[in-house]
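Ready for some practice with charged side chains and a metal site? Take a look at what comes next, then work through the exercises one by one.

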Amino acid sequence: MVVEMKSKATPEQVQAVVDRAHALGFGTQLNLGTNKIVVAILGSDTGRVPTDIFAVMPGVESVKRIMKPYKLAARDFRPEPTVISYRGLEIGGRYSVVMAGPCSVESVEQMLLTAHAVREAGACVLRGGAYKPRTSPFSFQGLGELGLDILAEVKRRTGMPVITEVMDPRHLEAVAEVADFLQVGARNMQNYPLLRELGHCGKPVVLKRGLSATVEEWLEAADYLLAEGNDQVILCERGIRTFETSTRFTLDVGAIAVVKRNSHLPVLADPSHAAGHYELVPALARAALAAGADGLLIEVHPNPVQALSDGLQSLTFSDFRRLMGELKSTAEAIGRPLLTAQAIAGGAS
Ligand code: PEP
Ligand code: MN
């Protein structure tokens, strides 16, 4: 249930609503919107109380039940879009952003070369996994702590913000020390203890959609982060399992539109894991931006043939440069120009 306060409601009136909800055994979350406050009344059985209990209170504008299974991620709770601002970078705002880099961190040299190449081409965040969720235990599992050290060094030397995956709550502290954005991989979308921990890590979290998760389940997973108080949640559509095998996963372009309609959270798309093949990445990247994605997460490697993971879907530097040129046109055509690293440095946002 959400209680929308009048724009002139006093802090005492808001507090009275919160107190009444707590007295009834419910939790609350506040959306301090631009001109009015919305109080979400949270609990498994909010249906047992009539909305009038809150509607009659002074300062209350309206009360409505959120009929969707997700609550805090819903536009009913927060009608205005969430914009994540980070060191001049804005995700979910006027601009489209591109995060790029290899699937796995392999060496300082590999990451430095990639950082310079992708930044030159316009990407504003460097990606690279230190802990890798591989389908087989016999595949390369990532460099772990060494990978984090490499990311820290490359960040120090280039000044580029980094995104990397956290797979295990036990690694969270170490990963959060280096990462500017924490990635929850598709396989961990429903790892609720991990999500709860990330709910108070104080960093933006990119929550990838599970391989077989519905949009509702994905947004309910986002609620775990939001309920713990982390409002810096970014979704990422990375393709789902379908009967179709000609791409690695099926990029659910429709889900991007659904999320933009039903949720206030920004959404990225990862065309690389969906495509599974470098030749297919550009088309999916363009389609995702055109469908309303706020940005892209793209795998790029200095030498894809030698990559320790996901080489087939990784773009070379020159492929990536070409794609960024195409994306610039797509982004401008839809009125969401690319926010490049150069523009951030020049203070464009
Ligand atoms: C990745 O980003 O390298 C990755 C493992 O992605 P996903 O969790 O979407 O499979
Ligand atoms: Mn990968």
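Before starting, a term you'll need: a residue is buried under 20% relative accessible area, exposed over 50%, and partly exposed in between (1.4 Å probe, protein chains only). This is a predicted model, where local features need pLDDT of at least 70 and side-chain atom pairs count only at pLDDT 80 or more, while totals for chains, interfaces and linings use all residues. Residues are numbered from 1 along each chain as its sequence is written, chains are lettered from A and ligands numbered from 1 in the order in which they are written, and side-chain values use heavy atoms, with hydrogens and water left out.

**Exercise 1.** Find out whether D45 is buried, exposed or partly exposed, and do likewise for R48.

*Solution.* Start with D45: its relative accessible area is 36%, so it's partly exposed. Next, R48 comes out at 48%, which makes it partly exposed. Now look at how they meet: their side chains form a salt bridge, 2.9 Å from N to O. That term means a side-chain nitrogen of Lys or Arg within 4 Å of a carboxyl oxygen of Asp or Glu. By this rule, the count comes to 19 salt bridges.

**Exercise 2.** Work out which parts of the chain the K260 and D294 pair links.

*Solution.* First, check the contact: the closest N and O atoms of K260 and D294 are 2.7 Å apart, in a salt bridge. Then place the partners: K260 sits in helix 8 (residues 253–262), and D294 in the loop between helix 10 (281–290) and strand 14 (295–299), 34 residues apart. Helices (H or I, at least four residues) and strands (E, at least two) are DSSP runs, numbered from the N terminus. Last, the accessibility: K260 is partly exposed at 22%, whereas D294 is buried at 1%.

**Exercise 3.** Identify the atoms that coordinate the manganese ion (ligand 2).

*Solution.* List the donors: C103 (SG), H273 (NE2), E299 (OE) and D310 (OD), at 2.0 to 2.4 Å. Donors here are N, O and S atoms within 2.8 Å of the metal (3.2 Å for Na, K and Ca); water is not among the atoms, so sites may look incomplete. Along the chain, the donors follow the spacing C-x169-H-x25-E-x10-D. Now zoom in on two of them: H273 lies in helix 9 (residues 271–275) and E299 in strand 14, so this pair ties together parts 26 residues apart in sequence. Finally, both H273 and E299 are buried.
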